[in-house]
Structure formats: structure tokens, C-alpha cells
Amino acid sequence: MVRILKPGMSDQTRLDLQGEVEQTVRGIVGDIRARGDEALRGFSTRFDAWSPPSFRLGAEQIAAAVAQLPAEQREAIEFTLTQVRAFAAAQRASVQDVEVETLPGVTLGHRVLPVGSVGCYVPGGRYPMVASAIMSVATAKVAGVQRVVAVTPPKDGQPYAATVATMHLAGADEIYIMGGVQALAALALGTASIAPVDMLVGPGNAYVAEAKRQLFGTVGIDLLAGPTETLVIADDSADAEMVATDLLGQAEHGPNSPAVLLTTSPALAAALPDEIGRQLARLATRDVAGAAWRDYGQILLADSDEELLRVADEIASEHVQVLTRDPGYFLERLTNYGSLFLGPETNVAYGDKAIGTNHILPTGRAARYTGGLWVGKFLKTVTYQRATPQASVTVGRHCSVICGVEGFAGHQRQADLRVERYSGAAVPVS
């Protein structure tokens, strides 16, 4: 039985906060739908103190941003781009067109085609999320998306040069400086100055996630990425310093970011609170990370590795870090997680920034039914079929029977017509 040594925020409190977000987003989306660019400019001025002549950056502005990159930053960005592109290309190669003859004369197949246009949202509020530009833009381009539009809010009243440069280096076709709900609504619905896209991707705060939810159907989305989550699974081989470091490293994303230790070690569970306090005292982001740990941090003590597995799959965390003697045990058996980090040599920051897997991942227990962003999210699997005359007769006779059972007379006539044409045997019209 798992003992909860430190509880997190109640579900009811979370629901109350979500209701306020939903109402605000609905108003902004409705105004963008009704008034387009005029509403976009109004919200941009109100929320971001940003009202440029054009939200889209020109070639000279982009070139200036790239020129501002220090050599060390550009080297790190290009390293990560290489890692992400290499892994995305390997994933793309694993997704193949299919064609098969299911019976003589019947050919069925599918083609894997990229989405036509994608809007990539790159957060820039508390932190300018340079790495998110790589994860979304570069992956879409590897998938073959022809038009990739990248958007990010201004920072301190100006475009953030490192984010703009990264968007460009990742392959963005258009770059806009606009933020939040109004940016996503403009991309999804289109305005006089912005052509709509077919799909929206990227992480963001609760308002961004809610905007994606409300706009889904008008456009496709990757997933609903809520506050960053991290779960550390540890046994008595793990040390409190590393566990605390890895939990706080994700808690600093935001004051509502869950950070959970799930362990079979009473000693580690007992040592963690003091170690968290010690590290927070010297952490530059302690105001954010401390609030997240206070309100959303948890310590769970389990009796066995089997119980660790069961509880971890119930939590279905976005990030799961395994600090145990045998990380392979969990790789083979865990099923619900966004991304898995095996052993002390890796960590969630590597996945977030540089190692090559995508950091746009499912939250809110969505890992029970979906994975994170990858090239496959930008691909459509579309089917086709061909038949010889003889095969059309065979299929048509069976199809006619099923149509009759269901009462679809028009469907049945489609099948019967083929049987008549290609077999010479007249079939009575129902």
C-alpha cells in the first residue's frame, strides 16, 4: 500500500481554476473570430504591450536576430537541431506506405502524407523557450510540412532574438511575434493579414492549452500540454541530492508544476524535504520552484517494485525518471508515460533541451492514451482501394447484403450496379 507522506493540491481547486481559464479563452477566441486583426492588435497591446506595424518579421529582422547569437549559443542550438532532426528522420523512416492484395483483384493501400500547414507556438512568458522552437519547427519540417508558421510572444516589449534565430535555423517559413490565446486563434481562424493553418502544436500555459482545446476541430492539434510534470521513481540506491535536484529542475517551470517522488526507500523519503529546502535556499528560481513544491509536490512511499510500477502507471506522468538499480525493469514494464529517463546519467533537462527526443509531451494523465509530439503527429495516413471487375462482383455481393441489413438502399444500389455491370447477372432494385 502506498503511503502519501506529502499530498499535493486538491482536484477541486484545480477544477475551479480551469473554469476561470475556459471562460477567458472563449471570449478572446470569439473576438478574434469576429474582428480578426483589429481584435488581435487590441489583445496584443493589452497583454504584451506590443503593437508593431506588422506582427510578421521580415527577412532583415530575422537576419539581425541570427547575427545577435553568441557563438556558444549558436553551437548549442545547432547541436540540438542535429540531434532532434536525426531522431525525427529515423522515426519518419519507420512510417511507410502500404499496399496489399487482400484477395485476388482487390488492392488496398495507404499513403502517409504530411499536413499542409502547421502553426508552432513557442512560449515566451516567464522563460523564452528556445528549445520548443526546435522541437516543433524542426520536427514538422522533417515530416515534410510545406508551410511552418512559428509564433512567440515578445519579451520585455521586443522580439526575443534567440527564439527568433532558433525558429529560423529550425526552418520556419513565417515568423510572427504575438502571444497567447490571440496568437493561436489568429493562426487557426485566419485574419486579413494571416493565412490560417491546418494544425496547431506546441506547449504553453493553461490559457494556451485551453485555446487549443477550444480550437480543435477547426484545426488539428498535437495534444493538450498542461503544466510540466515530473515523477522520479527511486529505490535506496538513489541519493537525496540528485532526487531533489531533478524534482526542482522541473518544478521551476511554473508554480503549478507537479513534482513527485515515488520510492521504496523510507530513508530517501525522510531525507528529501530537508534537501529540497537546502537547495531552494540557493536556487535562483526558488520563488517558482518553491511554490510548485509546496502546492503540487508529493512524496509517495511504496512497499515494492511492483507497487512502484502500478502507481507510476496510474499517475501517467509527462516525465518519468528512473533512479533504481535496474532501470531496465521499468523500461520493459511501464506503459503510461510521456518520456522515460533511465538511470542517473540522464535527466529530464537533457530531454527538454538537447538529447534529441521531443519535449512536447502529454500531461494530465493523457499518457494513458497518447504519446508526445513526433513526426507522426504531422502525418496523415490516407487509404485507397482498387478492384478488378471480377473482384468488384465478389465484394459487391457481400456489400449488398450488409447494406440490406442496415437499410441503406442507396448504398445497396451502388454495390448492385457493379455486380450487374461486371457479372452480367441482373440484381433486382430494392
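A residue counts as buried when its relative accessible area is under 20%, as exposed when that area is over 50%, and as partly exposed in between, with a 1.4 Å probe and protein chains only. On that basis, 49% of the 430 residues of the chain are buried. This is a predicted model, in which local features need pLDDT of at least 70 and side-chain atom pairs count only at pLDDT 80 or more, while totals for chains, interfaces and linings use all residues. Residues are numbered from 1 along each chain as its sequence is written, and side-chain values use heavy atoms, with hydrogens and water left out.

**Overall build**

- The chain has 16 helices and 14 strands, where helices (H or I, at least four residues) and strands (E, at least two) are DSSP runs numbered from the N terminus.
- Taken along the principal axes, the C-alpha atoms fill a box of roughly 85 × 60 × 45 Å.
- Among contacts with a separation of 6 or more, 72% join residues 24 or more positions apart, a contact being heavy atoms within 4.5 Å.

**Surface and charge**

- The chain exposes about 20,100 Å², of which carbon and sulfur atoms supply 54%; accessible areas come from the Shrake-Rupley method with a 1.4 Å probe, and for residues only the protein chains shown count as cover.
- There are 36 positive and 46 negative side chains, with Lys and Arg counted as positive, Asp and Glu as negative, and His and the chain ends not counted.
- The centres of the two charge sets lie 7 Å apart, each charge being placed at NZ of Lys, CZ of Arg, CG of Asp or CD of Glu.

**Helix α6**

- Helix α6 spans residues 161-170 and is mostly covered, since nine of its 10 residues are buried; among them are A161, V164, M167 and L169.
- The cover over these buried residues includes the helices α3 (59-67), α4 (71-93) and α5 (130-143), together with the strands β5 (147-152) and β6 (174-177).
- Just after α6, G171 takes a positive phi of about 115 degrees.

**The loop residue P196**

- P196 lies in the loop between α7 (180-189) and β7 (199-201), where P196 is partly exposed because its relative accessible area is 43%.
- Leaving aside neighbours within four places in sequence, P196 is in contact with S117, R147, L187, A188, L189 and G190.
- From C-alpha to C-alpha, P196 and F378 are 16 Å apart in space, and they are 182 residues apart in sequence.
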